[in-house]
Amino acid sequence: MPVLSCIFAEHDLGMVLLAALMCVAGSFVTVRLWRRTLQASGRMRLEWSFLTGVTAGAAIWATHFIAMLGYLAPVPVSFDAQLTIVSIVIAIAGTGLGVYLSAPERGRIAPLVGGATIGLSIAAMHYVGMFAYRVDGVVSWSDFYIALSIASAIGFSVVSTALVRASLTEKGRRYRHLAVASLVVAIVALHFTAMTAFSVSPVAGLSSGADSAAFQAMAMAVAIAATIIVFTGLSSHVIDDDTRAASRRELEYIASHDELTGLSNRRKFAADLEEHCRPGAGPFHLVMVDLDRFKPVNDTLGHALGDRVLSVAAGRIRHVIPAGAQLARLGGDEFAFIAGGMSDDQVDDLCRRLVEVLSRPVITQGHVIELGASMGAVRAFADGTTPDELIQNADIALYAAKDAGRSCHRFFEARMAEKIQLRRALEQDLRRAISRDELEVHYQPKVDARSGAFTGAEALVRWNHPERGQLSPAVFVPLAEELGLINAIGAWVLARACADAATWPPHMCVAVNLSPVQIMDRRLVRSIRKILKETGYPAERLELEITETALLGNDVQALATLKEIRALGMKISLDDFGTGYSSLSYLHRFPIDRIKIDRSFVARSPNDAGSASIIQAIARLGASLGIKVTAEGIETESQRRFSSDEGCSELQGYLISRPVPHAQLAALFAKARTEVA
Amino acid sequence: MTSTPTPAPSVQRVLYRSKAKRIGGAPLAPRDVAAIVDTSVRNNRSCGLSGILLKVDDTFIQLVEGEQRAIEATFERICVDERHSDLVLIDMITAETRLFPEWSMAHVGSDADPMRLQVNRDLKEISFTVETHPEAALKQMRALLR
Ligand SMILES: Cc1cc2nc3c(=O)[nH]c(=O)nc-3n(C[C@H](O)[C@H](O)[C@H](O)COP(=O)(O)O)c2cc1C
């Protein structure tokens with residue numbers, strides 16, 4: 001093996017070792033930088049290529065130069081400075097270029113082109129270096145070994161390039177050591193094969209041997225300089241790694257935290273919950289917190305203040321819950337926390353304290369904001385085992401807390417879920433009720449108290465549910481209001497009632513109920529107008545029944561709407577009078593044509609003195625204000641007589657008739673007409 | 001020629017009452033109240049607040065006054081404090097001057113000492129009037145310290 005004998009017989013082994021060290025260290029750093037280069041793109045890739053080139057070039061050149069110094073030439077030796085520098089430049093520029101060319105993600109030839117460039121530049125560096133190596137002797141070259149050296153440099157460089165590229169994938173990480181090894185082999189093989197190709201024999205008469213002491217000093221100097229370069233390359237990589245890790249941590253923080261409150265965000269919370277639900281994990285509680293009355297704060301005082309209030313609320317929750325609990329803001333005014341190692345009683349107490357602390361006023365930027373919070377709690381794993389189940393059940397408990405009047409907390413109970421399921425089912429069905437023609441209007445006739453003659457009827461909506469049978473408005477109207485379906489249902493009922501009543505004798509009126517939500521709807525009047533036009537029913541024969549609650553909140557809007565309705569000729573009656581807030585001032589302020597005494601008073605009259613005197617009082621009040629009074633819920637003859645005697649002008653109730661379908665009502669009216677006739 | 005006086009920087013006053021018992025828990029011991037007063041004096045001095053804390057039987061009545069930001073930060077700390085409950089804000093106003101400039105946090109409490117019959121009576125009266133006539137109650141609080 002001429003190559004091996006070249007290494008061991010013709011070289012100073014100490015120097016060879018130093019060169020080898022240089023080579024391994026250099027290759028190690030080169031591969032690190034190289035990998036980094038391949039991960040970069042654009043201008044960054046160019047810069048990293050440059051740094052890799054400088055490091056690799058310096059290491060390769062130093063390996064070569066130190067080994068040259070270790071070559072035991074039998075003749076005097078000197079170095080040509082210019083060519084030596086050219087060889088350094090070739091090493092740096094060549095490997096830099098090769099690294100850059102090896103980068104493109106796609107294309108099979110990238111590793112070939114890049115690797116070949118690197119291999120060639122190692123070889124070129126070496127042979128240029130050899131021209132700089134001046135020996136006073138007879139030099140001869142073996143073409144075979146020259147060719148072999150270049151081929152092996154290119155071959156191993158290409159292999160190394162392919163391994164570096166492979167090491168970038170998750171699975172290929174382990175290839176990076178092989179890449180270092182094959183780069184080392186490329187450098188070493190080239191050098192010693194090339195040195196085998198080279199032989200020198202002394203010319204007679206000249207002193208022989210190199211100045212080994214001076215060469216050793218030079219070798220150390222070169223090694224130190226190269227080491228400095230290599231370590232500079234390494235440290236820039238380490239610094240870059242650190243900054244990249246830092247910015248990755250920062251990005252991770254941003255991605256997992258809510259900017260406003262600094263709490264975990266929904267994403268992080270989902271991950272935390274997932275973690276807690278892993279098999280073998282201990283029990284814990286999940287509590288959902290929802291701020292009450294936050295939306296109006298945001299709407300009226302602005303988002304900046306709303307944000308401020310949210311971070312104050314977050315701070316309060318954080319302060320009250322145990323330090324180990326994981327708190328997150330799920331979005332809007334919704335928070336949640338996971339608390340482990342607490343008993344149900346402790347969580348119960350914690351929620352109570354939270355409710356209280358969150359109900360205290362917030363003073364910020366000179367404003368006083370009254371907040372509140374509702375909470376729903378679940379026990380893992382009694383109330384659910386998966387994150388989805390737990391969240392869903394906590395939501396159900398939260399909903400129950402809100403339903404119970406807010407500013408309180410509820411633990412999840414199975415029956416809550418049933419209630420909500422029923423609601424959900426009805427919700428689906430109600431949305432389709434109109435289009436499926438499941439709604440129906442029934443009519444309860446009213447009579448004149450004196451003559452007993454029919455004066456008209458009240459329209460009452462029914463829902464013929466395909467599975468649950470007939471449902472009363474008390475069940476589905478609140479749901480319809482909540483779902484925003486009441487306007488559509490109300491309009492449908494009104495249209496049906498007007499169309500039906502158009503067939504009644506011309507002196508009869510139809511009364512239709514309006515929900516408070518409808519009165520708040522600005523489109524109400526337009527919709528009534530349209531219905532009257534389409535059915536041709538006269539406005540004067542339409543009576544709209546409203547409840548006191550409709551007048552409670554936004555009474556300016558309600559007043560405007562009612563005045564407009566009145567101006568169109570319709571009548572307005574106040575339903576269920578005597579039960580609600582019954583402020584007499586309504587009767588003054590609002591354009592009311594009729595009061596309907598609540599059925600509960602009628603039911604207890606005339607025997608119950610209190611109820612009887614209320615009926616008297618209302619009847620008298622109506623008389624003095626010029627407002628007609630209707631008594632509802634008349635069931636007995638004595639009630640009829642009492643109400644009539646006290647001055648009620650109109651009566652309604654089972655004694656007269658139950659609510660009946662329109663066909664039946666038409667028959668009733670027709671029969672009455674023939675009896676009169 | 002007289003120079004126009006520069007307007008005094010405005011003072012924010014917060015007046016509230018609360019129950020001197022932990023949320024859903026036990027009444028505070030005199031030791032707890034003393035600790036609260038100590039912290040209050042220390043904190044208020046360092047952020048330039050002044051005021052008075054009354055304890056009438058089981059009720060706290062407190063007035064804190066000072067610069068807006070300090071008031072808001074301190075009131076927030078008071079609001080997360082679980083050593084009192086049923087907190088009700090009575091009044092928040094901006095004024096020109098302080099009512100208790102020389103007190104970081106004065107403290108007057110009712111007790112069973114017969115010698116302090118008059119003070120106890122005043123405290124009771126303040127607690128009755130504070131919500132309906134806060135101005136008058138504040139004047140009376142001021143008088144307690146003379
Ligand atoms: C009734 C009551 C009144 C308080 N008044 C004040 C006060 O005027 N100033 C204050 O800094 N802390 C007051 N605190 C105490 C705060 O709630 C909180 O414990 C304290 O500011 C924390 O301060 P530290 O972090 O220095 O311990 C009061 C607490 C209670 C229960």
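**Reading a predicted model**

Author: Let us begin with burial: of the 677 residues in chain A, 49% are buried, where buried means under 20% relative accessible area, exposed means over 50%, and partly exposed lies in between, with a 1.4 Å probe and protein chains only. This is a predicted model, in which local features need pLDDT of at least 70, side-chain atom pairs count only at pLDDT 80 or more, and totals for chains, interfaces and linings use all residues. Residues are numbered from 1 along each chain as its sequence is written, chains are lettered from A and ligands numbered from 1 in the order in which they are written, and side-chain values use heavy atoms, with hydrogens and water left out.

Reader: How many helices and strands are there in chain A?

Author: Helices (H or I, at least four residues) and strands (E, at least two) are DSSP runs numbered from the N terminus, and chain A has 25 helices and 21 strands.

Reader: What does the UniProt annotation "transmembrane region" cover in chain A?

Author: UniProt positions are given here in the numbering used for this model, with feature names shortened, and annotations may be inferred rather than shown by experiment. The unreviewed UniProt entry places this annotation on several spans of chain A, including residues 13-34 and 144-166. In the model, residues 13-34 of chain A are 100% helix and 0% strand, with end C-alpha atoms 30 Å apart, while residues 144-166 of chain A are also 100% helix and 0% strand, with end C-alpha atoms 33 Å apart.

Reader: At what angle do helix 3 and helix 7 of chain A pack?

Author: Axes are lines fitted to C-alpha atoms, for helices over the stretch in contact, and angles run from 0 to 180 degrees between N-to-C directions. Helix 3 (residues 42-69) and helix 7 (residues 175-197) of chain A pack at about 35°, with axes 11 Å apart. Contact means heavy atoms within 4.5 Å, and among the residues that make this contact are A:Ile60 and A:His64 of helix 3 and A:Ile187 and A:Phe192 of helix 7.

Reader: Is A:Asp272 buried or exposed?

Author: A:Asp272 counts as buried because its relative accessibility is 12%. A:Asp272 belongs to helix 9 (residues 266-276) of chain A, and, leaving aside neighbours within four places in sequence, A:Asp272 is in contact with A:Ser264, A:Gln326 and A:Ile338.

Reader: How many residues does each chain give to the contact between chain B and chain A?

Author: Chain B gives 18 residues and chain A gives 15.
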